[in-house]
Amino acid sequence: MFKKFTQSEPGEEGLLAGTSRRIFCGRCDALITDAERATRIGGRHTHRRTNPAGFEFPFRCFTEAPGCRPEGSHTFEHTWFPGSAWCYLICGQCGIHLGWHFQGTMTFCALISDRLRYEDRR
């Protein structure tokens with residue numbers, strides 16, 4: 001379903017160190033965001049959370065993900081970040097679920113790490 005990374009996934013500090021990496025949808029290769037938009041939420045860029053159905057998601061936080069579009073209404077139900085409501089983020093090109101948009105006390109995009117492809121700018 002998802003293409004294999006052409007570049008290895010960067011570590012916690014890899015995207016926050018001023019790299020010029022672009023981040024693409026792992027399914028259709030649409031440009032989703034870039035490393036310049038990486039941010040820390042709760043002191044970390046990378047997180048891992050489990051939803052009520054028991055599925056665990058590793059994700060990375062970004063101030064924006066212009067290649068995604070929100071899906072559904074924001075809700076506080078089962079939020080991972082108290083004070084911030086969430087809705088799904090889907091790829092603007094192929095429609096695959098890529099993460100969540102949080103808004104409230106903190107506003108950011110949480111993108112599922114293993115559904116992305118990372119590439120250095122040349």
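This is a predicted model: local features need pLDDT of at least 70, side-chain atom pairs count only at pLDDT 80 or more; totals for chains, interfaces and linings use all residues.
Residues are numbered from 1 along each chain as its sequence is written, and side-chain values use heavy atoms, without hydrogens or water. Local features need pLDDT of at least 70 and side-chain atom pairs pLDDT 80 or more, while totals for chains, interfaces and linings use all residues.

**View 1. The largest pocket and its lining.** A pocket is an open set of points on a 1 Å grid over the protein atoms alone, where a 1.4 Å probe fits, with protein on both sides within 12 Å along at least five of seven lines. Its volume is the space filled by probe spheres set on the points, here about 240 Å³. Lining residues have an atom within 4 Å of a point. There are 14 of them. Asn-51, Trp-80, Trp-86, Tyr-88 and Trp-100 lie nearest the centre. Strands (DSSP runs of E, at least two residues) are numbered from the N terminus. β6 (84-91) and β7 (97-104) each supply at least two lining residues. β7 gives the most, with three.

**View 2. The hairpin of β1 and β2.** Strands pair if DSSP finds at least two bridges between them. β1 (residues 21-25) and β2 (residues 31-34) are antiparallel, over three bridges. Arg-22 has Asp-34 of β2 as its bridge partner. Five residues separate the strands, and Asp-29 takes a positive phi near 70 degrees.

**View 3. The hairpin of β3 and β4.** Five bridges join β3 (residues 46-50) to β4 (residues 56-62) in the antiparallel sense. Arg-48 stands opposite Pro-58 in β4. Five residues lie between the strands. Gly-54 takes a positive phi near 95 degrees in this hairpin.

Note on methods:
Helices (H or I, at least four residues) and strands (E, at least two) are DSSP runs, numbered from the N terminus.
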